[in-house]
Amino acid sequence: MASTSSDPHPHTKSGQPIWLRAEDKPFEARAALTPTTAKQLLDQGWDVTVERDPQRIFEDKEYEDVGCTIVPHSSWTTAPHSVPILGLKELPVTTDPLPHTHVQFAHCYKQQAGWRDVLARFRAGGGTLLDLEFLQDERGRRVAAFGYHAGFAGAAVGCLALFSQVVQNDRLGSLKPYPNEQELIDEARTKIAEVKKSLGRGVRALVIGALGRCGGGAVSFLRSAGLEDGDILKWDMAETAKGGPFSEILQVDIFVNCIYLSSKIPHFVTQETIRQAGETRNLSVIVDVSADTTNPNNPIPVYDISTTFDKPTVDVASSAGPVLTCCSIDHLPTLLPREASEAFSKDLMPSLLQLPNRHTARVWTDAEKLFRQKLAEAEAAA
């Protein structure tokens, strides 16, 4: 039978413990562990603790019903240090030491803003970061990623923003998570039809990184939204090998960037190429799904803030041509939180089941080795 508790140390079972923390990032509705996958762990004898979270797409009762122990919001700091803390997005910014093992996306391995401060907290507390972004299988592929749904949702935001700008002569308003994919597709399809009428032609889009999971999701949504296949330019490494900036980007209506940035590359589009295009530019919406906003190697240096669900786009300065906005939301899959969470958690499960053997299981030993490497880099750069 499910249980709830205000006791910060409710672990009475003998199995491997894991603690699903609440997400503090505004508008984040996803979960790294869903009621479905939590039950799989419980069936294996695990002790699963779940924090209450009013913004999570899954109700607390859904976890309670499968047998999880429910504890107060953000109570993970009181958990025994031996209990792994599972989450998705970054922790609140403080200088508090981190003594636990945290399994999450920390966004601090590519020298993003504040990366040394994040790692300093682990150094001070003696804890460990096992970053979800860098869990890899034997072939070097990520074991679990939100890439498909990130691209899918990113393309959706591009379509919705284009409608607001072309048909309503306005900017895209606040976004809220959709209950399912079909509702999002239906809305975008209706709006793209209106855009086509207003423009008197088809809507064209370019996806860079089209061969990856993220790019595949973007292409899939654009097709579902009513773009003709010939109006969807699908680029990957072969098309970008010559190096940018690329004039072709300025001739489409929506540009969706889905690359995985690992090193410095030529810019895809710049303020200067936008200015030079002037009235010949069709480009109206940039969706930077990669959202490497603070990365010094960002190949789209035309914006400098991460946009949010309540303010999903920011204007890009230009001297002529249509209004140009950029979406740089860094957690786009939360537009479809239930489906995105289920897919991610299912893919993570085989690796998660190896967590009790984290000091011998390759996927986890590699993750800890990378953490130690990044910790040393942060100390050297301090």
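This is a predicted model: local features need pLDDT of at least 70, side-chain atom pairs count only at pLDDT 80 or more; totals for chains, interfaces and linings use all residues.

Reply: Residues are numbered from 1 along each chain as its sequence is written, and side-chain values use heavy atoms, with hydrogens and water left out.

Me: Which positions does UniProt give for the feature "binding site"?
Reply: The unreviewed UniProt entry places this feature at R141, G212, R213, D236, T240, Y260, V289, I329, D330, H331 and L332. The positions span 192 residues in sequence and the farthest two C-alpha atoms are 25.5 Å apart, so they do not all gather at one spot. UniProt positions are in the numbering used here, feature names are shortened, and annotations may be inferred rather than shown by experiment.

Me: Why is D236 called buried?
Reply: Buried means under 20% relative accessible area, exposed over 50%, and partly exposed in between (1.4 Å probe, protein chains only). D236 has 16% relative accessibility, so it counts as buried. This residue is found in the loop between strand 9 (232-235) and helix 7 (237-240); helices (H or I, at least four residues) and strands (E, at least two) are DSSP runs, numbered from the N terminus.

Me: What does D236 contact, leaving aside neighbours within four places in sequence?
Reply: Contact means heavy atoms within 4.5 Å. With those neighbours set aside, D236 is in contact with G209, A210, L211 and G212.

Me: What makes Y260 partly exposed?
Reply: Its relative accessible area is 45%, so Y260 is classed as partly exposed. Y260 sits in the loop between strand 10 (254-257) and helix 8 (271-277).

Me: What joins the side chains of Y260 and E133?
Reply: A polar contact of 3.2 Å joins them. The term denotes a pair of N or O atoms within 3.5 Å; within protein, one must be able to donate a hydrogen and the other to accept it, and residues adjacent in sequence count only if both atoms are side-chain atoms.

Me: Why is the pairing of K110 with D292 called a salt bridge?
Reply: A salt bridge requires a side-chain nitrogen of Lys or Arg within 4 Å of a carboxyl oxygen of Asp or Glu. The closest N and O atoms of K110 and D292 are 3.8 Å apart, and the pair therefore qualifies. K110 lies in the loop between strand 6 (101-104) and helix 3 (115-125) and D292 in the loop between strand 11 (285-288) and strand 12 (314-315), so the pair ties together parts that are 182 residues apart in sequence. Both residues are buried.

Me: How many residues has the largest nonpolar core, and what makes a core?
Reply: A nonpolar core is a set of buried Ala, Val, Leu, Ile, Met, Phe, Trp, Tyr and Cys residues joined through side-chain atoms within 4.5 Å. The largest has 43 residues, and those with the most contacts inside it are F221 and L335. Its largest share, eleven residues, comes from helix 4.
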